[in-house]
Each structure stands twice: as C-alpha cells, then as structure tokens.
Amino acid sequence: MSAVPQQELPRPGGFPEIRYKRYVPKIGPSGLALFSGITIMCTLGLYRTGQGNLERRELEREKVWSRIHLIPLLQAEADRDTYRREAAVKEREAEIMKDVKGWKAGESVYNSKRYTPQSYVVVP
C-alpha cells in the first residue's frame, strides 16, 4: 500500500466548452422593419379616418341642406291641413248652431280685437 496517489487530470484535448450564455436564435423581422411597418399602418389608418371624417361631414351638410329645402314644402302641407281642419270645424259649428238666431259660424266669441285668427293663402 505504499503506492503514490494519482491526481485526476482532464482527458487529452480537454473537456468540451460549457455553454453558459443565453442562446436566442435570430428569427422574425428586425426592429427597424417592425417600426417602419407600424408607422406605415398608423399613417394609413389616420389618413383613412380623415377621409371618412370628410365624407361624413359632407353627408351631414347634404342632409342639413335637404331639410332646409324641404321646410317650405312641409310648411305648405301643414298650412293646407290646418285650413282643412278649420274649415271642417266651421262647417260643424254652422251645423250645430243653425237653430240659434244671429249666430255666425267662425266668428270670434270674444269682445276683443287682440285675438286674430290665422291667415292663409288658399291656392286652388
């Protein structure tokens, strides 16, 4: 037992290198390509939004002007309807009060000149 102890040594050529660094493969587009793509998409989206706003504003203006041009027609229809209704009321009043002496249908029952009935332009 008097042998000399032998020290362990690496094998000839050494041990293989231990990889301790993080290995992330390069896949996908670069940062510059991503930034450029996002910038182009945002610019295009804002442009389309602006064009949509212009179109919406134009449609709103058209709607307002069409309503403005329809007002005289609608007012004339309302006047004709009111005149027809008042004429029917006068006829009904004349029919109901036909037995009352001195009664004039459609005449004001107030003794004041403050109330003036509506005036109409009747076009045949």
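How many aromatic pairs does the count come to? It comes to zero aromatic pairs. The points below take up the rest of this predicted model.

1. Overall fold. The protein chain has one helix and zero strands. The helix, α1, covers residues 31-96. Along the principal axes, the C-alpha trace spans about 160 × 40 × 25 Å.

2. Surface and burial. Of the 124 residues, 0% count as buried. The accessible surface of the chain comes to about 13100 Å². Carbon and sulfur atoms account for 60% of that surface.

3. Distance between two residues. Isoleucine 27 and lysine 113 are 86 residues apart in sequence. In space, their C-alpha atoms are 94 Å apart. Lysine 113 belongs to the segment after α1. Is lysine 113 buried or exposed? Lysine 113 counts as exposed because its relative accessible area is 79%, and the cut-off for that class is over 50%.

4. Salt bridges in general. The count comes to five salt bridges.

5. Arginine 61 and glutamate 58. These two side chains meet in a salt bridge, with 2.6 Å from N to O. Arginine 61 is partly exposed, at 43% relative accessibility. Glutamate 58 is also partly exposed, at 37%.

6. Glutamate 60 and lysine 63. A salt bridge joins this pair, and the closest N and O atoms are 3.6 Å apart. Glutamate 60 has a relative accessibility of 42% and counts as partly exposed. Lysine 63 is likewise partly exposed, at 38%.

7. Aspartate 81 and its partners. The side chain of aspartate 81 meets that of arginine 84 in a salt bridge of 2.6 Å, N to O. Aspartate 81 is partly exposed, with a relative accessible area of 29%.

8. A charge over a ring. The charged end of arginine 19 sits over the ring of tyrosine 23. The distance from that charged end to the ring centre is 5.3 Å.

9. A nonpolar patch. Which residues form a nonpolar patch on the surface? The patch is made of Val100, Trp103, Val109 and Tyr110. Together these residues have about 420 Å² of accessible area. Valine 100 is located in the segment after α1. Valine 100 is partly exposed, with a relative accessible area of 39%, and membership of a patch calls for over 30%.

Terms used:
Residues are numbered from 1 along each chain as its sequence is written. This is a predicted model: local features need pLDDT of at least 70, side-chain atom pairs count only at pLDDT 80 or more; totals for chains, interfaces and linings use all residues. Side-chain values use heavy atoms; hydrogens and water are left out. Rings of Phe, Tyr and Trp (its six-membered ring) pair if their centres lie within 6.5 Å; planes under 30 degrees apart count as stacked, over 60 as edge-to-face and the rest as tilted. A charge sits over a ring if NZ of Lys or CZ of Arg is within 6 Å of the ring centre and within 35 degrees of the ring normal. Patches are made of residues with over 30% relative accessible area and no salt bridge: like charges are joined within 9 Å, nonpolar side chains (Val, Leu, Ile, Met, Phe, Trp, Tyr) within 5 Å. Accessible areas come from the Shrake-Rupley method with a 1.4 Å probe; for residues, only the protein chains shown count as cover. A salt bridge is a side-chain nitrogen of Lys or Arg within 4 Å of a carboxyl oxygen of Asp or Glu. Helices (H or I, at least four residues) and strands (E, at least two) are DSSP runs, numbered from the N terminus. Buried means under 20% relative accessible area, exposed over 50%, partly exposed in between (1.4 Å probe, protein chains only).
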